[in-house]
Amino acid sequence: MTVLIKEPREIVEATAGFSQETVRQASAAKDEPSWMLDFRLQAWQTFENLPWPKPTDEAWRRTRLTGFKLENFTPFAIPDGIVRRYDLEPDLIDALDEMESSASLIYRDGGVLYVEENEELDEQGVIFTDLQSAVHEHPELMKRYFMTEAVTPDANKFAALHAALWDTGTFIFVPRNTKVELPLQAILCQGDGVGGYHHTLLVAEEGAEVTLVDDLMGAENAFQATVVELILKDNAQVRYINLQDYKHTAWNFLTGKAVMGKDTDLRWIQVSWGSRLTKAFLDLDMQGEGGHGELLGLYFPTRRQHIDHQTLQLHRVANCYSDLLFNGALKHRAHSVYMGIIKVLPGAQKTDAFQRNGNLILDGTARSDSIPGLEIEADDVRCTHAATAAQVEDEYVFYLMARGLTRPQAERMIVQGFLQGVLDRVPVESVMRKLERVISRKISR
């Protein structure tokens with residue numbers, strides 16, 4: 001392992017609020033080439049042309065943006081350099097140490113805080129770097145893949161804002177037939193009171209294999225507009241885990257899409273613990289025959305948190321399989337929303353797709369809305385969906401307490417058992433242990 005240390009950079013203040021001039025300031029502060037500035041300015045134009053979400057929009061009927069105003073936030077942050085490991089806060093050191101990884105990146109205040117590289121990755125030709133470095137060092141790859149094949153700036157209002165002001169981000173490029181043995185890790189510690197625009201761009205070429213863990217934390221009275229792009233060429237295998245644990249005062253908007261080629265294998269695990277409000281759009285786009293995609297979710301909102309996942313399993317071609325399982329627990333006036341569509345286009349025969357959303361309501365004040373759906377335009381398919389919502393039965397809690405467990409211990413056991421269907425499919429053992437600890441934490445609140 002080698003650790004890279006860079007000289008601190010001058011801190012630049014954004015003076016124009018959210019405007020085209022802000023976009024120019026953000027690009028100039030990062031000393032970007034003209035092509036990226038042009039991209040940002042076009043995205044800003046898209047942002048201005050797109051309307052704000054309205055309660056009458058189907059995607060936003062159950063999720064209101066009451067209290068959210070851009071002018072309440074600093075538009076962007078500028079980093080002041082990379083630090084040494086022993087200068088990191090204890091929680092960041094813990095996040096690094098609890099998972100054995102091939103390489104790690106830590107982001108804070110709009111830039112890279114810490115880099116831990118692996119020389120073996122360089123020998124394999126694997127690119128694992130921050131997105132700003134990729135702009136300067138791998139411009140052709142960035143021009144080809146950055147917000148062109150998966151998520152485009154016109155996907156929604158927040159994706160356009162992200163494209164105009166993106167700051168932190170990770171670029172992963174795995175060459176043909178290359179296997180990365182240990183997970184790659186990226187940690188974001190979002191700053192307080194500021195807009196954040198974290199980006200993940202992963203490209204796995206033909207026959208490549210890689211696992212990536214995004215660990216997102218922090219963010220007091222802030223907002224984050226995140227984009228995730230996963231591009232799988234033929235026969236590639238990707239395991240991607242997104243762990244969102246922001247403070248309960250943060251606003252979180254996520255747009256993610258996986259583009260899957262022939263005979264690809266994807267397991268995407270989306271975990272939503274934190275934030276005041278989360279609105280996540282998550283798409284599987286199956287473009288090559290024989291694709292196998294799993295989209296798995298865990299959420300546990302408490303104390304008036306609002307968590308909204310909207311998914312799309314898009315089958316364009318024949319002989320593909322997709323499996324979606326989102327399970328969540330709720331309490332303390334929390335509200336969860338799940339809306340998903342399995343869409344099978346004409347000609348996508350022999351599609352096998354499943355979609356299930358389960359909700360465990362721990363008290364009478366929480367609410368869950370679940371709207372699964374099918375749009376089938378082929379006649380030789382197997383597609384099913386299901387949704388459940390149930391409260392914890394008092395006799396179950398009593399049974400466990402009668403055998404010596406406290407109420408929190410009994411509830412934790414019931415909740416963990418309910419979420420185990422997703423936990424069992426987490427491919428990184430240390431991540432599974434971390435999820436179990438967070439479940440215990442949420443139960444005790």
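Helix axes here are lines fitted to C-alpha atoms over the stretch in contact, and angles between them run from 0 to 180 degrees between N-to-C directions. With that in hand, take helix H8 (residues 394–401) and helix H9 (residues 407–423): their axes come within 9 Å and cross at roughly 120°. Keep in mind that this is a predicted model.

**Helix pairs**

- Let's finish with H8 and H9 before moving on: angles of 65 to 115 degrees would count as roughly perpendicular and those over 145 as roughly antiparallel, and this pair is therefore oblique.
- H8 goes past H9 in a right-handed crossing. On the H8 side the contact uses Tyr396, Val397, Leu400 and Met401, while H9 brings in Arg407, Ala410, Met413 and Ile414.
- Further up the chain, helix H2 (residues 34–49) packs against helix H7 (residues 157–165), with axes 7 Å apart and an angle of about 155°. That angle makes the two roughly antiparallel.
- The way H2 passes H7 is left-handed. From H2, the residues involved are Phe39, Arg40, Ala43, Trp44, Thr46, Phe47 and Glu48, and they meet Lys157, Ala160, Leu161, Ala163, Ala164 and Leu165 of H7.
- H2 has another partner in helix H1 (residues 20–29): the axes of H1 and H2 come within 10 Å, crossing at roughly 155°. So H1 is roughly antiparallel to H2.
- This time the crossing is right-handed. Gln20, Val23, Arg24 and Ser27 of H1 make the contact with Leu37, Arg40, Leu41 and Trp44 of H2.

**Cysteines**

- How many disulfides are there? The count comes to zero.
- Is Cys383 buried or exposed? Its relative accessibility is 15%, so it counts as buried.
- Cys189 is buried too, with a relative accessibility of 14%.

- Ser272 sits in strand E13, which covers residues 265–272.
- With a relative accessibility of 2%, Ser272 counts as buried, because the cut-off is under 20%.
- Which side chain makes a polar contact with that of Ser272? It's His309, at 2.9 Å.
- Setting aside neighbours within four places in sequence, Ser272 also touches other residues, including Gln244, Thr278, Leu298 and Tyr299. Phe300, Ile307 and His309 are on that contact list as well.

- As background, most residues other than glycine have a negative phi.
- Ser275 isn't a glycine, yet its phi is positive, at about 90°.
- Where is Ser275? You'll find it in the loop between E13 and strand E14 (277–286).
- Ser275 is buried, with 0% relative accessibility.
- Lys350 is another non-glycine residue with a positive phi, this one near 60°.
- Lys350 also belongs to a loop, the one between strand E18 (335–344) and strand E19 (352–361).

How values were computed
Residues are numbered from 1 along each chain as its sequence is written. This is a predicted model: local features need pLDDT of at least 70, side-chain atom pairs count only at pLDDT 80 or more; totals for chains, interfaces and linings use all residues. Side-chain values use heavy atoms; hydrogens and water are left out. A disulfide is a pair of cysteine sulfur atoms within 2.5 Å. Buried means under 20% relative accessible area, exposed over 50%, partly exposed in between (1.4 Å probe, protein chains only). Helices (H or I, at least four residues) and strands (E, at least two) are DSSP runs, numbered from the N terminus. A polar contact is a pair of N or O atoms within 3.5 Å; within protein, one must be able to donate a hydrogen and the other to accept it, and residues adjacent in sequence count only if both atoms are side-chain atoms. Contact means heavy atoms within 4.5 Å. Angles under 35 degrees count as roughly parallel, over 145 as roughly antiparallel, 65 to 115 as roughly perpendicular and the rest as oblique. A crossing is left-handed if the near helix is turned anticlockwise from the far one by less than a right angle, and right-handed if clockwise.
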